[in-house]
Amino acid sequence: MRADQAGSGFMLDTDAYSGVSRGRTVVALAVLAVVASSVATVGAAASYPDPPDEPVSTTGEESTEAANESRPGVVQTVTYNRTPDRPGTIRATHRYRVGPNTSSVVVYDYDHTAIIGSEGFVRRSNGRWVWDGEVERPLLTFRIAVNQSGGVGEFAGLEWADTRRWSLSHPPVSFAYRTTARDGWVYSWRDTAAYERVVRVAGAGYDGGRVVYLGAHEISERTASGQRFRLVRPADGDGSAVEPDRVLDTLTAAAGQLDVGARDDVVNAFAGPAPLRTGGVTTPSRDGSQDFWVAANRTVGAPANLWVHEYVHTRQNFSLGPRMAWFREASATYYAGLLSVRQGLDGRSGFEAFVDRLRRNATANAVLTNRSTWGTAMVPYRKGARALAALDAKIRTASGDGRTLQDVFRRLNAADGQVTYDRFAAIVGNATGTNATAWLDARLDSPGPVAAPTSPWAYTAPDPSADADDDGLTAATERRLGTHPFDPDTDSDGLPDGLEERLGTDPTDPDTDDDSLPDGLELDMGTSPRIGDTDLDGFADGAELVSPSGPTDARSVPTRGAGLVPLFDRYTGGIAVLDLPRNATIARY
Ligand SMILES: [Ca+2]
Ligand SMILES: [Ca+2]
Ligand SMILES: [Ca+2]
Ligand SMILES: [Ca+2]
Ligand SMILES: [Zn+2]
């Protein structure tokens, strides 16, 4: 989950959006540091008497003008230490190697930090720390309060956490400097190529570029769809709830499912143990990686797959105008559910939970385009996700499955500048082939309920050869047979739909031959699921089974009947079946 607009009334802020510094970050374990050199880029032309405040949003423009400079003006070396004697805090030391043309270095007075040591920096009255111009390698040491609680309702709790054994945090690192090689200030969060950052972790730990894990950990990696996925989890009991293969399976599958551009080369997924709240995502690092974290007790399942939710955020490269702010969480929520269902997670019950959420009309009276009407921060997650489900179906229907909401998502990612509501409407109109403004206005720009489709066919992948439930039948075949595309055993008789198609049994009837024995049980017992009286002795297989007599032996016939419910229940998961009448002779073939 991601806070779109820091400083607005709503802090949806399970995401770290406050630490905005950007820079070339090099991962280093223990004291071994690797430095990647970089070529400088000239910053924006604006010149200020003093560096401005740290940005509250990083959606602003990046500098694009390139210039050649043989070496960076500043090398910042950040070293992190755990401080178990002071739970809830970590220590960071920032050392600066100042280049010959650099005339000033300014470090901000970050929130939730205290300077506990300095060399070569002077504190100004505005709280900032300025290099004294003399000390060659000035440094500042910070104590950082990690345990910041915030948010309300479902977002309440710790966003970051430090305990005696481990620490997950998002420490501030931004600074600004002035160099004669430039006209004006260089800001670390903007001119990311103009300086170098080296990160060291004292002891066991891992720096993802934005998120820092301190403590014993394990890393699992997987590559898919041109992305490197790295799962970082606590090494001991704190991380035991995390199933690395399941997490990497769902992330790599989502990477293949989501064709919207904006792929980071590296995605670092951190599993943070309690008392962390749900999860969040940071802004991308300039080295092509992006970090997100999820509380370690969050399992992989449908529809609320938080791992995929945060991953979808990493694929959001757009900048949203105020009337479009809802789209960020709405799309993360909708795709987390949709992709999970298409991955077959939790089968039919996963799909039904997904649709059930869409069916609920929570927050119906909020106007998505107008934040002041939102009674709760959950509006984009609820009404927003519902509206996107409806929109996806509209686009697919209008284009004969030629286009989907992903085409709109991709175009938002590719758009220059802010995506306004009007621009969004134009992009949607392009996808549907008709002017969509009235349709959108009624759902996004108005109060009132929005109906999302509930049929599974609205949510199957457009590719008709997909087999979400892995039952051996494509969605196209399932549609023809009337089976459920997200349920591998539509009639719950113990036989997968695909096997039933091959056997010639009815995949929508648990007892194809009406002999009171479910198809799956008959296969186990050696009777025919297609012939009610397998041995043709005049007594139905079901009657013979409970009699008992041999259903595959014509010389063995029933003497009495009994209820079949317990046997049937075993195979149907609770579908009630009629008892056979005493001495029943049901023979059908
Ligand atoms: Ca299937
Ligand atoms: Ca079946
Ligand atoms: Ca049967
Ligand atoms: Ca028989
Ligand atoms: Zn989110």
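## A walk through the fold

Of the contacts in the protein chain with a separation of 6 or more, 64% are between residues 24 or more positions apart. Keep in mind that this is a predicted model. The chain has 589 residues, and buried ones make up 51% of them. As for secondary structure, the protein chain holds 13 helices and 24 strands.

Let's start with the sheets. One is an open sheet of 5 strands with mixed pairing, and its order is β18-β19-β20-β22-β21. At its edges sit β18 (217–224) and β21 (279–281), each pairing on one side only. Neighbouring strands here are turned by 15° against each other on average, direction ignored. Helix α1 (residues 244–257) packs on this sheet, where it touches β18, β19 (227–234) and β20 (266–272). The direction of α1 makes about 155° with that of β19. Helix α2 (residues 306–314) lies across β20, β21 and β22, and it runs at about 155° to β22.

The other sheet to look at is an open one of 4 strands, ordered β11-β12-β17-β16, with antiparallel pairing. Its edge strands are β11 (161–162) and β16 (205–207), and each of them pairs on one side only.

As a bit of background, strands of a sheet pair through backbone hydrogen bonds, either parallel or antiparallel. Here is one pairing from each sheet:

| Strand pair | Sense | Bridges |
|---|---|---|
| β21 and β22 (residues 289–295) | antiparallel | 3 bridges |
| β11 and β12 (residues 167–169) | antiparallel | 2 bridges |

Now for a helix, α4 (residues 347–359). At 1.5 Å a residue, its 13 residues should span 18 Å, and the end C-alpha atoms are 19 Å apart, which agrees. Which residues of α4 are buried? They are G350, F351, F354, V355 and L358. Seen down the axis of α4, these buried residues fall within an arc of 130°, so they line one face of the helix. The spacing rule behind such a pattern is simple: an α-helix has 3.6 residues a turn, so residues three or four places apart point the same way. And what do the buried residues of α4 pack against? Their partners are two helices, α3 (326–342) and α5 (379–398).

Definitions and conventions
Residues numbered from 1 in each chain as written. Chains lettered and ligands numbered in written order. Predicted model: local features only at pLDDT ≥ 70, side-chain atom pairs only at ≥ 80, totals over all residues. Pairing = 2+ DSSP bridges. Axes fitted to C-alpha atoms, helices over the stretch in contact; angles between N-to-C directions. Contact = placed C-beta atoms within 7 Å. Buried ≥ 20, exposed ≤ 12 C-beta atoms within 10 Å, placed from the backbone. Expected span 1.5 Å × (residues − 1). Arc of directions from axis to C-beta.
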